Amino acid sequence: MIRSLLRRRRAASGLPVPDACTPGRHALATRHLLLYTPVTHLDVLAAIAAGADPEAQRWQGNQAEQVVSDSDTRQALLRLGPADATPRWFIRSNPELAEPFEPSPEMPEFMVCVHRNTGRYAGYLELDHDRGEIGGTLAPEYRGQGLGVELFLAGAEFAHGHAGLPTVRAGTATANLACRRALERAGFVPAPGPARYTLPDGRELDSVWYRHEGAASACARP
């Protein structure tokens, strides 16, 4: 199912995205989103840009060096897409962004998100395998359309069917009602967890926690 969806998208648009999991790398699809382990540094930078705007950082609170702080740069990156969807002049001007990205086994598993219809970068999903927790975000253009549900459904599928976790958790700010609704519509249920969370920038937020249960299996791994 996932392989066929990815292949149909590749045939339709020429998007050069991975169409299957390989050792150390993953790929999956929902109705509107493609998610895969980044192939290039552009994939990574654009994914980070998707969650670097002030509204997203209200909840994430990342340090300045962890975000794309310039709004014009963010917008330029989010008008791009993987490889063939990026103008050649951009790659010629920024050759370092075309260099291959190699995942680190010491870091959470990270997946870039691309919107199937526009072919543009749309967000990211990450999984901390040791803690069994997922997180993710969508670019401003793709919020408020129900795609958060698809993102968290993909997160649950990734955790259960790719990473072999029978239970995956997600925490969010109590006041982040959009994220809470998306988690609940994706089948996550309330779970115990810390009542307060300290963001990287030092702010503390009231938090709520959810969990999702599923049959555990693993795809190709190192």
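Contact here means heavy atoms within 4.5 Å. The model is predicted.

**Exercise 1. Overall make-up**

Task: State how many helices and strands the chain has, and what share of its residues is buried.

Solution: 
- Start with secondary structure. The chain has seven helices and nine strands.
- Then take burial. Of the 222 residues, 46% count as buried.
- Next, the surface. The accessible area of the chain is about 11100 Å², and carbon and sulfur atoms hold 54% of that area.
- Last, contact range. Take contacts between residues at least 6 apart in sequence: 65% of them join residues at least 24 apart.

**Exercise 2. The largest nonpolar core**

Task: Find the residues that touch the most other members of the largest nonpolar core, then list the contacts of Leu77.

Solution: 
- The core has 54 residues. Leu35, Leu77, Tyr121, Leu127, Phe152 and Phe188 touch the most other members.
- Which helix gives the largest share of this core? Helix H6, residues 147-161, supplies eight residues.
- Now take Leu77, and skip its neighbours within four places in sequence. Its contacts are Leu42, Leu45, Ala46, Ala49, Val68, Phe90 and Tyr121.
- For background, nonpolar side chains tend to be buried together in soluble globular proteins.

**Exercise 3. His212**

Task: Decide whether His212 is buried or exposed, and identify its side-chain polar contact with another histidine.

Solution: 
- Locate the residue. His212 lies in strand S9, residues 204-213.
- Apply the cut-off. Buried means under 20% relative accessible area. His212 has 15%, so His212 is buried.
- Look for the partner. The side chains of His212 and His160 form a polar contact of 2.9 Å.
- List the surroundings, without residues up to four places away in sequence. His212 touches Ala156, His160, Pro166, Thr167, Val168, Ala186, Gly187 and Phe188.

**Exercise 4. A buried arginine**

Task: Arg116 is buried; determine what its side chain reaches, and how far away the nearest side chain of opposite charge is.

Solution: 
- Check for a salt bridge. The cut-off is 4 Å between the side-chain nitrogen and the carboxyl oxygen.
- Check the backbone. The side chain of Arg116 reaches the backbone oxygen of Arg31 at 3.0 Å.

**Exercise 5. Salt bridges**

Task: Give the number of salt bridges, then work through the pairs Arg120 with Glu141, Asp206 with Arg196, and Asp201 with Arg203.

Solution: 
- Count. The structure holds nine salt bridges.
- Pair one. Arg120 and Glu141 have their closest N and O atoms 3.8 Å apart. Arg120 is in the loop between S3 and S4, Glu141 in the loop between strand S5 (133-138) and H6, 21 residues apart. Arg120 is partly exposed at 30% relative accessibility. Glu141 is partly exposed at 44%.
- Pair two. Asp206 and Arg196 meet at 2.6 Å, N to O. Asp206 sits in strand S9 and Arg196 in strand S8 (residues 196-198), 10 residues apart. Asp206 is partly exposed at 42%, and Arg196 is partly exposed at 43%.
- Asp201 and Arg203 meet at 2.9 Å, N to O. Asp201 is partly exposed at 35%, and Arg203 is partly exposed at 32%.
- Finish with the network. Salt bridges with shared partners join Arg196, Glu204 and Asp206 into one network.

Note on methods. Residues numbered from 1 in each chain as written. Predicted model: local features only at pLDDT ≥ 70, side-chain atom pairs only at ≥ 80, totals over all residues. Heavy atoms only, no water. Core = buried A, V, L, I, M, F, W, Y, C linked by side-chain atoms within 4.5 Å. Buried < 20%, exposed > 50% of the residue type's maximum accessible area, 1.4 Å probe, protein only. Helix = DSSP H or I, 4+ residues; strand = E, 2+ residues; numbered from the N terminus. Polar contact = N/O pair within 3.5 Å; in protein donor to acceptor, adjacent residues only side chain to side chain. Lys, Arg positive; Asp, Glu negative; His and termini not counted. Areas by Shrake-Rupley, 256 points an atom, 1.4 Å probe, with all protein chains shown as cover.
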